[in-house]
Every structure is written in C-alpha cells, then in structure tokens.
Amino acid sequence: MLRALSARLPPELVALTRSHLAISRPLSTSAAPASTAPAAQPGKTFYATTPIFYVNADPHIGHLHSTLLADVYSRHARLRDPQRGAIMCTGTDEHGLKIQRVAEAKGTSPKELCDSVSERFRELARAANIDHQVFIRTTESRHRRAVEHVWRELEKRGHIYKSSYAGWYAVSDEAYYPESQVAEVIDEKSGEKYMASTETGTRVEWMEEENYKFRLSAFREPLLEWLMSKPHPVQPPSRTGALVSSLTHPSSTDLNDLSISRPSARLSWGIPVPDDPQHTIYVWIDALVNYLTAAGYPWKGGEAFERGQVWPPDLQVVGKDIIRFHALYLPAVLLALDLPLPKHLLTHGHWTMDKFKMSKSRGNVANPFEAMKLWGVDAMRMYLMRVGGNSASDADYSATEIERFYRKDLAGQMGNLLNRVTTKKLLKKLPSPELLWTPPTQVEKEDETLIKLLEELPATFDRHLASFEVHRAIAAVFDALAESNRHVQLLSPWLATASPSSVHRALFFGSETLRLAGTLLQPFMPDKSAQLLDMLGVDPARRTWRDCEVGKGGERVPRPGKAHLWPAVAAPEAVVAP
Ligand code: MSP
C-alpha cells in the first residue's frame, strides 16, 4: 500500500507516512483495551487540520488552542493504531485585504510581513511540541496551483457566474454581511458613528462592484443532509441546530450565492482569477483550499486522492467564529467538485480574558511563548486542554487557575503519587521486587473502587475523546490518580505496622495508575509522559495502547529522577502580552 501511495504523494507526505508506519508493534500479546472509537476506513491515513492563521499579528493562546486540539487527536490516532499513519496540517493564511492593509500601515511589503509572522507561527508550533507533518502557506506555488485548479473545475462544472455585488464587507473578518446583520454603532471614546457586524462587532464597509459568484444556494439540500447525518459531522452536536435553522429559516441569507472574487484594483494581494487578472480570488475560498493543497490536490491522475488515502480530513478543528466557512462554504465547494466531505468538524469555544474574547484588536491576549516559558510546555498543554477542552463553552484564561491546576493536579496528584511509588525506602519494604508489577492474587475491599476505575480508564478516556469531550478524558485520568492517592493513604505502606499485602497493593496499584496515566496522556504531555514512564522504569516498547491494561506493563525498576516531575514554579504573574 505504501509503495503505491508513495508514487503519487508529494515527498513531504511520503516521508512522514513512512515514519509513522515504521512505529513498531507492541511486544505485549495482551488483548487491546476495548475501543469505542468509530472504525477507521481501511488504508485511510488519519488527517487532521487546524485553521490557517492570519499573519496580521503574533500568535496568542487562542491560536495555540486550535493547534493543540489537532495535535492531540493526531497523536491519539497514532497511539490507537500505529500502523495507520496520521498527518496533521497547520499553516498561515496570507492573502487578502486585511494583510494588504496591515502591511501598508506598517510600511512594509505584504510578502515581508507574511514571511516574518508566518515564521512566528512555525516557532509556536516548535515551541509547543506540535507534531505537524505539513505547514502550509497560502503564498506557496503548490497552493496557488491547487486554488487555480479548484476555480477551473468549478467554472467547468457551471458553479461560477459573473454578477455584481452591493453590500457590506468587514475587512477584519474578511466576510460579507447582509443588511440584516449590520447596525450602526457609536465608538465610546471618539463618539464616531460607524456600521458594524452585529455578529462580530467588527466595522463593515459598503462595497459596490463586479464579482464572480459561486452558486452556494444550489447546495442547500445536500448540506442539510450532511449536517444532519449521524454521527454528527459538526461537533459538539449542540452547534448543529443553529446551522440547520440558518439553512431552513425562510429569511435566512446564509446560503445566498457567495461573491468569490474582488476587483484586483481593490485587492491585489491574492491569487488572480484564472484567465481574468482583473479579479482576485476571495481570500476565504483561497484559504479553505489549503486543506486540499496539503493533502496533495490536484492529485496527478486523481487516483490515490480519490481512493481517499489522505482526503477527506478525519478532523478539522476550528474556532466557533469560523463555523460558517467550514460547515457551509467548504462542504458546498467540495460537493460541487464531487469530493468527499470531512468526517468531523470540531468547533471549539473561545479563550476569554476577563470574559472578553482574547483578540489582538482588543489587546487582551495571553502570550503563549511566555506562558510556556514560565509553566513549561506540557503544563500549558494540559491546562489548555483540561480547562478549554469543553468545546461547547468558552474558557476564561487566568494565571491563578493555571497555578492552582499546576499545584493541585499536576504536582499534587500526579507528582505526589509518583514520589510515593518511587521512594527507595518504600520499595525496599516490598517482600520481593517483582511484586511492583505483579497483581495481588487477592484483592481487598479497599482496592475495589480503584480497580474498577483503572479497568475502565482506557475505554472511558477513548470514549470521551471520540465524543470530543477532551476535558472529560483528562478528568478521567485525574480521577484515577486521586483515587490511587487515597488508596495509598488508606493502606499507609510507610507505617511500621503495614502488612506485606498492604505494601504490595499500595505500590502495585499506584505504579499501575501512573503507568496507565502516563501512557494515555502521551498525546497531551509528550515529554512529561516520557519522563514519568522513564521514572517508573516502564520499557519504552511497552507504552502503546495495547499495554493499557492493569498488570500488563511488564518488569520495571523505578528510576526516580533527581528533579521532581512537576517542580515548584516561582511566583506566577499574569502573562499578558505587551
Ligand atoms: N485565517 C482564518 C482561518 C482560515 S482557515 C481556512 C482565521 N484566522 S485567525 O488567525 O483569526 O484564527 C484562527 C483560529 O484561531 C480560529 O479557529 C479561531 O477561532 C482561533 N482563535 C482566535 N482567537 C481565539 C480565542 N480567543 N480563543 C480560541 N480560539 C480563537 O480565522
């Protein structure tokens, strides 16, 4: 399969598909924990995407959040099935009026602005240990080829026509708004009156011009069918209702034909319409095609692509502010091109600061580089996913909360249990060393709750991820850690009076809880998991999904590190960008 696929994939994808297929099979012969995830299409590489980021400003915590979700899911897909291969794609959205104007205001060329800010997003991915295989920039020639191909295909199939547009446009959102969605607002400070989008609050400008239009209205029925299909493609499912009613409401304008070009006299920073350089392709059409470009579109000969080895995305992560573009426009274009639709669109809430959406324009952004420097990369990855992992709601960013999470959960539960089960003095009390990885022949009443939690943990964890409740997956691990700490406390193996059985059960279940936690959390905290499993002495070949079963972790000699897993962090302060 790999050889056939390699013949058509771009070199970048061939290398990564190979490297991900090369991961060795677990040594363990134990049965894999039960799966609750939907069965993967055979031969289909797991493909996850993030939105591509505007290069008008430096990355903030919200951008990191979108990227992390895609990273966690593609790492989890590799953990679940190392043979399958997983590709994660991220990148930067570089064309459009917004970038053109920011460059003008900074007195720089758009290309220079794009090069420097795009590099900041790459740096963020590096700094946050994002395992992406593709980083795409819309100014690359491979992308231009893909966009031109899409345009020509749409034109050939009769989905594009020339028309005129008169209406409102918000440069900041790069979006058209109908009359019903704009209202006059008064600037609090200057008293200036202007028109703004009622949805996003951003300023709109009146436009009257000739554009090309895409027959979006023709796709109402298949879009509705897709949106309502099971399992729901739009996650969390609570967001499907609003989309469906926006398509079915008689006065809805959401599916009016979409302007997909701007006169190049107004917008020069973009991809010209093929064979009509007087027009530039609308930046959202350009941007949405990135997911196809990254998957190798237009596939030479089309074969591997159509056979679906990379396309369609198994998971597209987007913030709730850009749902319409991903749940309506992209699927409509794909339907027009006869291409398969994405499997899941995970729409997440926003990070707020003092209850307002974090955004550069408001100036209330948290700097991810600074936060990771202070707390460490994996602590921030865990915090963002634990606190912001409920995609149905927004999450308020707070330095006090990070500190609390670090101290109580990471250090207090995980770190504390690790100290307990790797203490030489306690380990010496074990009647023999192999008892550390050997289940007791007889379980006692005190063990029952913990055993039940541990037996169910991998399936529970997987089920929460499959239903996109990331916060719950992490919470399930911390419930087990808390129960294990309680169990150790109850058995108090350090007491001179502790029976050999109590010492055995406290250390065995403690070590197993941490081994399962460390193995399951690899997608969330890759470095800390490795450190944790090293300290427990777990064989690197036994850190796979199939090893996530109580008592199946194999021989181990704990190697407590000199430093704590979660060392104390000095005096936290609000990490706010200047
Ligand atoms: N360029 C478009 C996306 C094109 S995708 C074909 C864009 N860029 S963005 O830089 O403004 O936003 C990128 C992502 O960051 C979006 O998913 C957005 O929701 C997310 N976030 C931006 N601010 C955010 C928060 N305050 N909180 C969480 N995520 C937010 O839109």
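**Loop geometry, helix packing and the ligand site**

Pro231 is placed in the loop between α7 (220–228) and β10 (234–235); helices (H or I, at least four residues) and strands (E, at least two) are DSSP runs, numbered from the N terminus. The model is predicted, so local features need pLDDT of at least 70 and side-chain atom pairs count only at pLDDT 80 or more, while totals for chains, interfaces and linings use all residues. Residues are numbered from 1 along each chain as its sequence is written, and side-chain values use heavy atoms, with hydrogens and water left out.

Most peptide bonds are trans, and most residues other than glycine have a negative phi. The bond from Lys230 to Pro231 is cis, with omega near -10 degrees. The peptide bond from Gln235 to Pro236 is also cis, with omega near -10 degrees, and Pro236 lies in the loop between β10 and α8 (240–248). Asp275, although not a glycine, has a positive phi of about 65 degrees. This residue, Asp275, is found in the loop between β13 (272–273) and β14 (276–281).

Two packed helices are described by the angle between their axes and the distance between the axes. Helix α15 (residues 399–422) packs with helix α20 (residues 526–536) at an angle of about 20 degrees, the axes being 10 Å apart. Axes are lines fitted to C-alpha atoms, for helices over the stretch in contact, and angles run from 0 to 180 degrees between N-to-C directions. The angle makes α15 roughly parallel to α20 (under 35 degrees; over 145 counts as roughly antiparallel, 65 to 115 as roughly perpendicular and the rest as oblique). The crossing of α15 and α20 is left-handed, that is, the near helix is turned anticlockwise from the far one by less than a right angle. Helices α5 (residues 110–127) and α13 (residues 368–375) pack at an angle of about 20 degrees, with axes 10 Å apart. Helices α5 and α13 are therefore roughly parallel to each other, and their crossing is left-handed.

The ligand is surrounded by 25 residues, of which Ile52, Asp93, Gly319, Asp321 and Trp351 are the closest (a heavy atom within 4 Å). By class, this shell has 12 nonpolar, 10 polar and three charged residues (Ala, Val, Leu, Ile, Met, Phe, Trp, Tyr, Cys and Pro count as nonpolar, Asp, Glu, Lys and Arg as charged, and the others, Gly among them, as polar). At least two shell residues each come from β2 (53–54), α3 (61–80), α9 (283–288), α10 (290–294) and β15 (315–319). An oxygen atom of the ligand is 2.8 Å from a polar backbone atom of Gly319. The protein covers 95% of the 660 Å² of accessible area that the ligand has on its own (Shrake-Rupley method, 1.4 Å probe).

Technical notes
Polar contact = N/O pair within 3.5 Å; in protein donor to acceptor, adjacent residues only side chain to side chain.
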